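Student: Please take a close look at one part of this protein, the nonpolar core, and set it in its surroundings.

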Amino acid sequence: GSAGRFRPVRERVAYLPVMDDSQASVPVFLTAHEVADLLRLPLRTVEDWRLTRSGPPYVKLGRHIRYDRDELLVWIRERRHG
């Protein structure tokens, strides 16, 4: 029957290493929409920054643009005045 075809998820991912807080954290990637929301700016501003190469660093994965959250925060801090 069909009951034998499916294994519990627990068995399929048992090979994944267990990470704790002392190990490297997994990067968090944001979309342009999420960056705009986070900074409370129009999406067009974020797009213009990318097109003029004046904005935060980004990665291009195929046709998808993503921003590393930690790099974005560093970029913001570098622009602090006062």
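Tutor: Accessible areas here come from the Shrake-Rupley method with a 1.4 Å probe. On that basis, this predicted model exposes about 7,200 Å². Carbon and sulfur atoms supply 53% of that area. Of the 82 residues, 15% count as buried.

The fold comes next. The protein has 4 helices and 3 strands. Along the sequence they run α-β-α-α-β-β-α. Take the contacts with a separation of 6 or more: 42% of them join residues 24 or more positions apart.

Now the core itself. The largest nonpolar core holds 9 residues. They are Leu 30, Ala 32, Val 35, Ala 36, Val 46, Ile 65, Tyr 67, Leu 72 and Trp 75. H2 gives the most, with 3 residues. In soluble globular proteins, nonpolar side chains tend to be buried together.

Some nonpolar residues sit on the surface instead. Phe 29, Val 59 and Leu 61 form a nonpolar patch there. Together they have about 250 Å² of accessible area. Val 59 lies in strand S2 (residues 59-61). Its relative accessibility is 34%, so Val 59 counts as partly exposed. The cut-offs behind that call are 20% and 50%: buried means under the former, exposed over the latter.

Key. Residues are numbered from 1 along each chain as its sequence is written. This is a predicted model: local features need pLDDT of at least 70, side-chain atom pairs count only at pLDDT 80 or more; totals for chains, interfaces and linings use all residues. Side-chain values use heavy atoms; hydrogens and water are left out. A nonpolar core is a set of buried Ala, Val, Leu, Ile, Met, Phe, Trp, Tyr and Cys residues joined through side-chain atoms within 4.5 Å. Buried means under 20% relative accessible area, exposed over 50%, partly exposed in between (1.4 Å probe, protein chains only). Helices (H or I, at least four residues) and strands (E, at least two) are DSSP runs, numbered from the N terminus. Patches are made of residues with over 30% relative accessible area and no salt bridge: like charges are joined within 9 Å, nonpolar side chains (Val, Leu, Ile, Met, Phe, Trp, Tyr) within 5 Å. A salt bridge is a side-chain nitrogen of Lys or Arg within 4 Å of a carboxyl oxygen of Asp or Glu. Contact means heavy atoms within 4.5 Å.
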